[in-house]
Amino acid sequence: MRELICICCPLGCHIKVDDSDMADLKVSGNSCPRGAKYAKDEVTCPKRVVTSICPVEGGEIQMVSCKTKDSVEKRLIFDVLREIRGKRLLAPVHEGDVIVPDVMGTGVDVVATKTVLRRNDG
Ligand code: SF4
């Protein structure tokens, strides 16, 4: 039996997953279907949105914040961070710009979460 707190909304339901049969997981304690999906994913293939920062050359600030547009498998987090760290961006960077397309072949893009203008662009 696994016990989890659902992180899909502020209610934070306490969920139990009976994982004695991995082919037929039984979920209880969730107040909505999102919680059931979250709990099953968490037990079978946990995923997270990855947030980081990336260097920007010629920008009004030296770094731009970024994140994966959707959650990726937890086991890939350090590989995703490595790919982001290898990027060198040139200002301007706009919120929503794709920094790493299809990161680690997940089908998920890493996007900027902030706009960084060129130095002296006003
Ligand atoms: S189970 Fe539903 S209601 Fe409960 S925390 Fe998750 S998303 Fe919110």
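## Domains

Domain bounds here come from an automatic or database domain assignment. That assignment gives domain 1 (2–44) and domain 2 (51–112). The centres of domain 1 and domain 2, taken over C-alpha atoms, are separated by 30 Å.

This is a predicted model: local features need pLDDT of at least 70, side-chain atom pairs count only at pLDDT 80 or more, and totals for chains, interfaces and linings use all residues. Residues are numbered from 1 along each chain as its sequence is written.

## The sheet

Three strands form an open sheet in the order β1-β2-β3, with antiparallel pairing. β1 (2–5) and β3 (26–28) are the edge strands; each has a single partner strand, so one side of each has no neighbour in the sheet. From one strand to the next, the twist averages 25 degrees. Strands (E, at least two residues) and helices (H or I, at least four) are DSSP runs, numbered from the N terminus. Two strands pair if DSSP finds at least two bridges between them.

β1 and β2 (residues 14–18) run antiparallel and are joined by four bridges. E3 has K16 in β2 as its bridge partner.

Helix α1 (residues 33–44) packs on this sheet and touches β1, β2 and β3. Its direction makes about 55 degrees with that of β2. Contact means C-beta atoms, placed from the backbone, within 7 Å. Axes are lines fitted to C-alpha atoms, for helices over the stretch in contact, and angles run from 0 to 180 degrees between N-to-C directions.

## Around the ligand

Which residues surround the ligand? They are C6, C8, C9, L11, G12, C13, N30, S31, C32, R34 and G35. A residue is near a molecule if its C-beta atom, placed from the backbone, lies within 6 Å of it.

This shell divides into six nonpolar, four polar and one charged residue. Ala, Val, Leu, Ile, Met, Phe, Trp, Tyr, Cys and Pro count as nonpolar, Asp, Glu, Lys and Arg as charged, and the others, Gly among them, as polar.

How values were computed
Two residues are in contact if their C-beta atoms, placed from the backbone, lie within 7 Å.
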